[in-house]
Amino acid sequence: MSSQTTPNPGTNLDPWYDNYADRAAGLSVSEVRALFAVASRPEVVSLAGGMPAVSALPQDLVVTAMNRVMRDEGSIALQYGSGQGVPRLREHILEVMAMEGIRGSVDDVVVTTGSQQALDLITKLFINPGDVILAEAPSYVGAIGVFRSYQADIQHVLMDDDGLIPDALREAITREKSLGKSIKFLYTIPNFHNPAGVTLTAARRTEILQICRSEGILVLEDNPYGLLYFDEAPPVPMRSTEDEGVVYLGSFSKTFAPGFRVGWAIAPHAIREKLVLAAESAILCPSAFSQLVISEYLETADWRAQVNTFRGVYEERKNTMVAALKEYLPDLHHTNPNGGFYVWLTLPDFLDTKQMLPRAVKELVAYTPGTAFYADGGGRNKMRLSFCYPTPEQIRVGIRRLTTVINGEIDLLETFHETGPLQTIRSTRSFSAPPPDMD
């Protein structure tokens with residue numbers, strides 16, 4: 001082996017390690033994606049990934065739409081298309097957004113390969129290394145990965161059960177500007193937040209828009225879950241009241257199927273033009289086939305009724321999870337979302353959900369550690385529990401197993417901590433012992 005390909009002792013085994021761009025250092029394995037290989041084993045109850053319940057989507061409707069597209073528009077579906085997206089689908093997207101109070105024109109919409117690509121393109125357009133992005137604490141793990149890849153300085157802003165806290169936003173803006181930092185945008189998921197499950201109140205939406213408008217800060221409003229509400233619809237999106245200061249992201253991954261990878265952005269005119277150019281540079285054009293299939297589905301199927309079906313499925317599963325948490329872990333705080341996919345669980349401060357995960361997998365239950373949702377390493381005693389994919393029966397089994405894991409972790413700490421933390425651990429432990437696993 002030549003000296004050029006023989007790694008030096010203590011160096012990275014990748015012979016190209018020194019050739020990568022600096023921004024490659026921001027690429028890291030997602031804690032969510034890393035779980036999929038283990039969590040996909042049939043014996044493991046996965047409360048980790050945010051996978052939609054695609055089994056609730058009638059496959060015959062999808063097959064029919066695909067057949068019609070190939071029969072009537074096959075030559076178009078299999079060809080390159082517009083970098084901005086098929087106009088027919090953009091018209092349907094306006095209909096979807098109108099259900100939440102957003103108005104616009106076909107020219108305002110840019111179709112993307114999932115809303116994840118829209119996140120990437122917006123970040124590419126605005127972020128120089130070291131620029132500040134304000135994001136809720138916690139925040140969507142996929143967004144954190146994108147922001148890191150462009151070497152952004154991610155500054156978290158506190159939130160509570162009513163969403164992002166306006167005073168905390170003011171404090172963050174003042175702090176970063178006093179340091180001479182350039183704040184490029186605020187990233188927020190106002191509806192049924194991923195991972196926290198909370199919804200930003202109407203009053204706070206208005207206040208946050210006023211703050212960002214006065215400070216000249218763009219708002220990136222990510223809304224994949226807005227139509228998946230349970231008891232009542234969330235407040236109208238910020239984009240519905242603010243055109244020039246908000247870029248809005250939407251997706252068909254949650255209301256149709258993620259496998260088609262179709263999302264969109266609606267943006268102010270100048271940003272939209274740059275978005276199209278950036279999209280063309282990245283992928284030439286989004287999949288015409290996927291766009292036409294979704295258009296056909298939206299035209300021929302009762303998609304509103306299907307959204308209602310999804311709501312019912314997810315509400316039943318959320319109610320099952322909340323009931324199980326109240327039964328088995330009654331003294332732990334958790335959110336109780338009115339829509340979406342996720343419950344956010346807070347454990348005692350002395351527990352570390354990332355370190356606890358191997359024990360959980362051994363007990364055949366998986367979750368996502370809270371650290372995945374913080375750019376600064378926070379959230380060690382938090383976890384995200386997803387109720388969207390497992391059945392109600394699986395959810396109850398999973399929470400029962402999770403209780404065994406938490407109690408086992410506390411037993412371990414009691415055994416090895418004879419002073420100091422021991423009294424705190426014993427006084428905190430009041431979780432219900434689960435009945436034996438009968439499955």
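Biologist: Let's start with Phe126: buried, exposed or partly exposed?

Modeller: Phe126 counts as partly exposed, at 23% relative accessibility. Here buried means under 20% relative accessible area and exposed over 50%, with partly exposed in between, using a 1.4 Å probe and protein chains only. Keep in mind that this is a predicted model, where local features need pLDDT of at least 70, side-chain atom pairs count only at pLDDT 80 or more, and totals for chains, interfaces and linings use all residues. Residues are numbered from 1 along each chain as its sequence is written, and side-chain values use heavy atoms, with hydrogens and water left out.

Biologist: Got it. How many aromatic pairs are there?

Modeller: Rings of Phe, Tyr and Trp (its six-membered ring) pair if their centres lie within 6.5 Å; planes under 30 degrees apart are stacked, over 60 edge-to-face, and the rest tilted. That rule gives 13 aromatic pairs. One of them is Phe126 with Phe185, which is edge-to-face because the planes stand at 85°, with the centres 6.5 Å apart.

Biologist: Where do Phe126 and Phe185 sit along the chain?

Modeller: Phe126 is in helix α4 (residues 114-126) and Phe185 in strand β6 (residues 183-188), so the pair ties together parts that are 59 residues apart in sequence. Helices (H or I, at least four residues) and strands (E, at least two) are DSSP runs, numbered from the N terminus. Phe185 is buried, at 0% relative accessibility.

Biologist: What about Phe230 and Phe387: stacked, tilted or edge-to-face?

Modeller: Phe230 and Phe387 are tilted, with 55° between the planes and 6.5 Å centre to centre. Phe230 comes from the loop between β7 (218-222) and β8 (246-251), and Phe387 from the loop between β14 (382-386) and α12 (392-416), so this pair joins parts that are 157 residues apart in sequence.

Biologist: Which residues do ring pairs link into a cluster?

Modeller: That cluster holds Tyr225, Phe310, Tyr314, Phe341 and Tyr342.

Biologist: And which residue lies over the face of Tyr229?

Modeller: Arg311 does, at 3.9 Å from the ring centre. The test asks for NZ of Lys or CZ of Arg within 6 Å of the ring centre and within 35 degrees of the ring normal.

Biologist: Switching to sheets. What is the strand order in the eight-strand one?

Modeller: The order is β2-β9-β8-β7-β6-β3-β4-β5, an open sheet with mixed pairing. At the edges are β2 (109-112) and β5 (163-164); each has a single partner strand, so one side of each has no neighbour in the sheet. Two strands pair if DSSP finds at least two bridges between them.

Biologist: How covered is β7 in there?

Modeller: β7 is mostly covered, with five of its five residues buried. Leu218, Leu220 and Asp222 lie on one side and Val219 and Glu221 on the other, all of them buried, which covers both faces. The chain gets from β6 to β7 through helix α7 (residues 202-215), in a right-handed β-α-β crossover. Right-handed is defined with the strands pointing away from the viewer: the path from the first strand over the helix to the second runs clockwise.

Biologist: Parallel or antiparallel between β6 and β7?

Modeller: Parallel, over four bridges, with Tyr187 opposite Leu220 in β7. β7 and β8 are also parallel, over four bridges, and Leu220 stands opposite Val247 in β8.

Biologist: How many residues of β3 are buried?

Modeller: Six of the six residues in β3 (residues 132-137) are buried. β3 pairs with β4 (residues 153-160) in the parallel sense over six bridges, and helix α5 (residues 141-149) carries the chain from β3 to β4 in a right-handed β-α-β crossover. Towards β6, β3 runs parallel through four bridges, where Leu134 has Leu186 as its bridge partner.

Biologist: What about the four-strand sheet, parallel or antiparallel?

Modeller: Antiparallel, in an open sheet ordered β10-β11-β14-β13. Its edge strands, β10 (333-334) and β13 (368-369), each pair on one side only. Two bridges join β13 to β14, and Pro369 stands opposite Met383 in β14.

Biologist: Last one: how many disulfides?

Modeller: Zero in the whole structure, where a disulfide would be a pair of cysteine sulfur atoms within 2.5 Å. Among the cysteines, Cys212 is buried at a relative accessible area of 2%, and Cys285 is buried at 12%.
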